[in-house]
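Biologist: I have not looked at this one before. Can you walk me through it?
Modeller: Go ahead and ask as we look.

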Amino acid sequence: MITEHDIARALKEEASQARVPADDLLRKIRAGRPARKRTSWWQGVAAAVVLLGLLGGVAVRELVRQAPVTPASSESAAYENRDLGFRLKSTATLTAPPAWDGQAMIFRFAFGEMTVSRQPRRESSTLESLVAEAIARNEQISSSRIVTVEQGLRELAGQKAGYLFAAYVSATAGRHQESYFLLVDGYEYTVTCGTVSGERTPWEQAKPACEQILSGFELIQKP
Amino acid sequence: MEDAALVSRLQQGDEAAFDPLYRKYVDEAVRIAYLMTRNQQAAEDAVQEAFVQVLRRIGTLRTPAYFRTWFYRILHNSAVSLGRRGRRLLFLPWDLFRQEDRMDASEQAEEIVQAREETDEVRRALAKLPDMYRVPLILRYYAELTEPQIAEVLNLPVGTVKSRLYHARHKVSGYLEHPARLGGSVQ
């Protein structure tokens, strides 16, 4: 039988992962603001107008694909893409606005970039098939981060909406990246983060930046 | 200063009394809400909402000395409410993956790794518990409330709380003895 001490220790360790933004919370409480302030339709329109002004040279077709993009604020996600179904909690490290290259959203920061893309779920996708695809692209796979389906399910225990089914670290000539594969709502998401080909940035510099931005990455489901 | 004195001042309209009360409880409140929701943003939202409710409803607290239990009842209700709203969101615990990297570091002493793995197994087992068992465990072994206080927070008879605590411990032990119940083998 598990001891009370074991339970207390496990709870204490899990609780230690929580951040306590005491001053931020106090300011919000003093202002009497309810939690999770939702963006109204006119705020969305205003944000879209500002975005149009900022990205005047971008084709309207591309803007529609990216909308709605919410502006950074202390109360909402710094970046949200409902079309693709994900959000980022912080974009503080980004050095350029998010961009759609026709296949993936690209987020550039000082030492590398993160990409997010999705496609309809492929029944044939497995860790093995994804690794095989990467090898076919001449990527070298580091076996240390391969995640089995069972691990993915366990990591997301209780999350019935989807799960992480594969992840690996790979390298090609001049590029080093982590790749994560998720199944959600009939879609297969690919999230990569790593160095940029041709920029000769050491992985050791890109890795902390990737960890920071990935920790604020969340998938959102349509209501 | 004691909770009762601060609450009495707050009830008499002295808003300066809120600050020390907040400072005293915010750390523990965020961590308890995090344990309940397993989501940082939801935890912050729950705590924010709970403290706003404290300011609005402090006049309804008849016995100021019971503030802590009263506050955790509000916090629990906020966490449950936000949890229901938050189920449409998928939160991805990337950090859990990174812990595996850290555990693999060869320089770490074997016994530290083993202790960490054991604690992680207990954490995974706790994560599998339904809220009706998990929340009493959090209140008992993290917040260190007594069984009657937990009964007050959860609005349950004391006997039910005792029963749930017993079954919760039993289920966690069962998960640890039979890892297949966790939905995969526990490393």
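Biologist: Is Asp23(A) buried, partly exposed or exposed?
Modeller: Asp23(A) is partly exposed, with a relative accessible area of 44%. Keep in mind that this is a predicted model.

Biologist: What does Asp23(A) pair with in a salt bridge?
Modeller: Its partner is Arg23(B), and the closest N and O atoms are 3.0 Å apart.

Biologist: Are Glu13(A) and Arg123(B) buried or exposed?
Modeller: Glu13(A) is partly exposed, with a relative accessible area of 22%. Arg123(B) has 8% relative accessibility, so Arg123(B) counts as buried, the cut-off being under 20%.

Biologist: What about Glu14(A), which residue does that one bridge to?
Modeller: Glu14(A) forms a salt bridge with Arg134(B), with 3.5 Å between the closest N and O atoms. This pair runs from helix H1 of chain A to helix H7 (residues 131-142) of chain B. Both Glu14(A) and Arg134(B) are buried.

Biologist: Why would such side chains pair at all?
Modeller: Side chains of opposite charge can pair when their charged atoms come close.

Biologist: Back to H2(A). Which of its residues are buried?
Modeller: The buried ones are Ala22(A), Leu25(A), Leu26(A), Lys28(A) and Ile29(A). They span an arc of only 165° around the axis, so they lie on the same side of H2(A).

Biologist: What do the buried residues of H2(A) pack against?
Modeller: They pack against H2 and helix H3 (40-57) of chain B.

Biologist: New topic: Tyr189(A). Where is that?
Modeller: Tyr189(A) is in strand E9 (residues 187-194) of chain A. At 3% relative accessibility, Tyr189(A) counts as buried.

Biologist: Which residues does Tyr189(A) touch?
Modeller: Leaving out residues up to four places away in sequence, the residues touched include Leu84(A), Val116(A), Arg118(A), Tyr180(A), Phe181(A) and Leu219(A). The Tyr189(A) side chain makes a polar contact with the side chain of Arg118(A) at 3.1 Å. The Tyr189(A) side chain also reaches the backbone oxygen of Leu84(A), at 2.5 Å.

Biologist: And how many residues separate Tyr189(A) and Gln119(A) in sequence?
Modeller: They are 70 residues apart in sequence, and 6.6 Å apart in space from C-alpha to C-alpha.

Biologist: What is the mean pLDDT of chain A?
Modeller: The mean pLDDT of chain A is 69, and 65% of its residues reach 70 or more. Over residues 36-75 of chain A the pLDDT is below 50, and that stretch has 40 contacts in the model beyond near neighbours in sequence. Residues 143-162 of chain A are also below 50, with 57 such contacts.

Biologist: How should coordinates be read where pLDDT is low?
Modeller: Where pLDDT is low, the predicted coordinates should not be read in detail.

Biologist: Now chain B. What is its secondary structure?
Modeller: Chain B has nine helices and one strand. From the N terminus the order is α-α-α-α-β-α-α-α-α-α.

Biologist: How much of chain B is buried?
Modeller: Buried residues make up 49% of its 187 residues. Chain B exposes about 8,900 Å², of which carbon and sulfur atoms supply 47%.

Biologist: Last one: where is His76(B), and what is His76(B) in contact with?
Modeller: His76(B) is in helix H4 (residues 67-86) of chain B, and counts as buried at 13% relative accessibility. Apart from neighbours within four places in sequence, His76(B) contacts Met36(B), Val135(B), Val153(B) and Leu154(B).

Note on methods. Residues are numbered from 1 along each chain as its sequence is written. Chains are lettered from A and ligands numbered from 1 in the order in which they are written. This is a predicted model: local features need pLDDT of at least 70, side-chain atom pairs count only at pLDDT 80 or more; totals for chains, interfaces and linings use all residues. Side-chain values use heavy atoms; hydrogens and water are left out. Buried means under 20% relative accessible area, exposed over 50%, partly exposed in between (1.4 Å probe, protein chains only). A salt bridge is a side-chain nitrogen of Lys or Arg within 4 Å of a carboxyl oxygen of Asp or Glu. Helices (H or I, at least four residues) and strands (E, at least two) are DSSP runs, numbered from the N terminus. Contact means heavy atoms within 4.5 Å. A polar contact is a pair of N or O atoms within 3.5 Å; within protein, one must be able to donate a hydrogen and the other to accept it, and residues adjacent in sequence count only if both atoms are side-chain atoms. pLDDT is the predictor's confidence in each residue, from 0 to 100. Accessible areas come from the Shrake-Rupley method with a 1.4 Å probe; for residues, only the protein chains shown count as cover. The arc is that of the directions from the helix axis to the C-beta atoms.
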